[in-house]
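Dear colleague,

Here is the structure that I promised to hand over, and below it you will find what turned up when I went through it. Please keep the model open while you read, so that you can look up each residue as it is named.

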Amino acid sequence: MTSEPTTPDGRPTQLEVARKIALDLLAVRARSEHELRQAMARRNVPADIADELLSRFVEVGLIDDAAFAATLVRSRSEFSHRGRARIRQELREKGVDREVAEEVLAELDPADERAAALELAYRKVRSMASLERQVAYRRLAGMLARRGYGPGTVSSVLAEVLGDPAVEFSTAGQ
């Protein structure tokens with residue numbers, strides 16, 4: 001039976017503390033290397049210890065930012081109905097490399113993204129039956145934009161959900 005390395009006074013070494021922090025977080029869900037580094041910094045793990053441990057975790061495959069990004073993109077687009085821009089922002093916040101994020105986002109099908117926006121808009125429009133058309137349009141557009149859908153997607157979804165807006169031209173001055 002082996003025991004964990006400890007200091008002479010019986011406390012775990014800094015490496016063991018860092019390992020426990022990382023493994024506890026990874027047991028809950030996949031994490032980016034950046035997230036784990038931040039968690040260790042909050043717990044006062046020295047940077048050289050964190051670097052050593054994270055390098056080893058990357059080496060053995062416990063941390064894989066590309067796989068993490070792919071999982072996050074799939075989850076956010078399918079289940080949370082978020083658009084490309086919002087997912088890109090979340091990847092950036094989690095410290096995923098820009099090139100890795102763009103590669104994974106490139107695999108996101110625009111038709112699937114539009115379908116998710118459409119489903120979300122149809123769900124939301126039911127609660128807006130009593131509102132004026134312009135108010136409903138504005139609120140739906142804002143909600144879709146906050147979810148990260150681009151202007152083209154928002155326009156086409158709103159046109160389908162609410163019908164084409166009536167275009168009024170002013171003839172004053174003619």
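A85 counts as partly exposed, at 41% relative accessibility, where buried means under 20% relative accessible area, exposed means over 50%, and partly exposed lies in between (1.4 Å probe, protein chains only). This residue is found in helix α5, and although A85 and G150 are 65 residues apart in sequence, their C-alpha atoms are 7.3 Å apart in space.

Before going further, please note that this is a predicted model, in which local features need pLDDT of at least 70 and side-chain atom pairs count only at pLDDT 80 or more, while totals for chains, interfaces and linings use all residues. Residues are numbered from 1 along each chain as its sequence is written, and side-chain values use heavy atoms, with hydrogens and water left out.

The overall picture

The secondary structure of the protein chain comes to nine helices and zero strands, where helices (H or I, at least four residues) and strands (E, at least two) are DSSP runs, numbered from the N terminus. Buried residues make up 32% of the 174 residues in the chain. Of the contacts with a separation of 6 or more, 60% are accounted for by residues 24 or more positions apart, a contact being heavy atoms within 4.5 Å.

Two helix pairs

Helix α2 (residues 33-42) packs with helix α3 (residues 47-60) at an angle of about 150°, and their axes are 11 Å apart; here axes are lines fitted to C-alpha atoms, for helices over the stretch in contact, and angles run from 0 to 180 degrees between N-to-C directions. That makes α2 roughly antiparallel to α3, since angles under 35 degrees count as roughly parallel, over 145 as roughly antiparallel, 65 to 115 as roughly perpendicular and the rest as oblique. The crossing of α2 and α3 is right-handed, a crossing being left-handed if the near helix is turned anticlockwise from the far one by less than a right angle, and right-handed if clockwise. From α2, the residues E33, L36, R37 and M40 meet A50, D51, L53, L54 and V58 in α3. Sorted by class, this contact of α2 with α3 has six nonpolar, no polar and three charged residues, where Ala, Val, Leu, Ile, Met, Phe, Trp, Tyr, Cys and Pro count as nonpolar, Asp, Glu, Lys and Arg as charged, and the others, Gly among them, as polar.

Helix α5 and helix α6 (residues 98-106) also pack at an angle of about 150°, with their axes 10 Å apart, and they are therefore roughly antiparallel to each other. Here, too, the crossing is right-handed. R84, I87, R88 and L91 in α5 meet A101, E102, L105 and A106 in α6, and by class this contact has five nonpolar, no polar and three charged residues.

Salt bridges

How many salt bridges does the count come to? The count comes to 13, where a salt bridge is a side-chain nitrogen of Lys or Arg within 4 Å of a carboxyl oxygen of Asp or Glu.

One of them joins R37 and E33, with the closest N and O atoms 2.8 Å apart. These two residues are four residues apart in helix α2, and are thus separated by about one helical turn; R37 is partly exposed, with a relative accessible area of 30%, and E33 is partly exposed at 25%.

R123 forms a salt bridge with E119, the closest N and O atoms being 3.5 Å apart, and this pair is again four residues apart, in helix α7 (residues 110-125). R123 is partly exposed at 40% relative accessibility, and E119 is partly exposed at 42%.

The side chains of E90 and R76 meet in a salt bridge of 2.7 Å, N to O. This pair links distant parts of the chain, with E90 in helix α5 (residues 84-93) and R76 in helix α4 (residues 65-78), 14 residues apart. E90 counts as buried, at 7% relative accessibility.

A buried valine

V161 lies in helix α9 (residues 151-162) and counts as buried at 14% relative accessibility. Not counting residues up to four places away in sequence, V161 touches L118, A121, Y122, V125 and L140. V161 and A121 are 40 residues apart in sequence, yet 7.0 Å apart in space, C-alpha to C-alpha.
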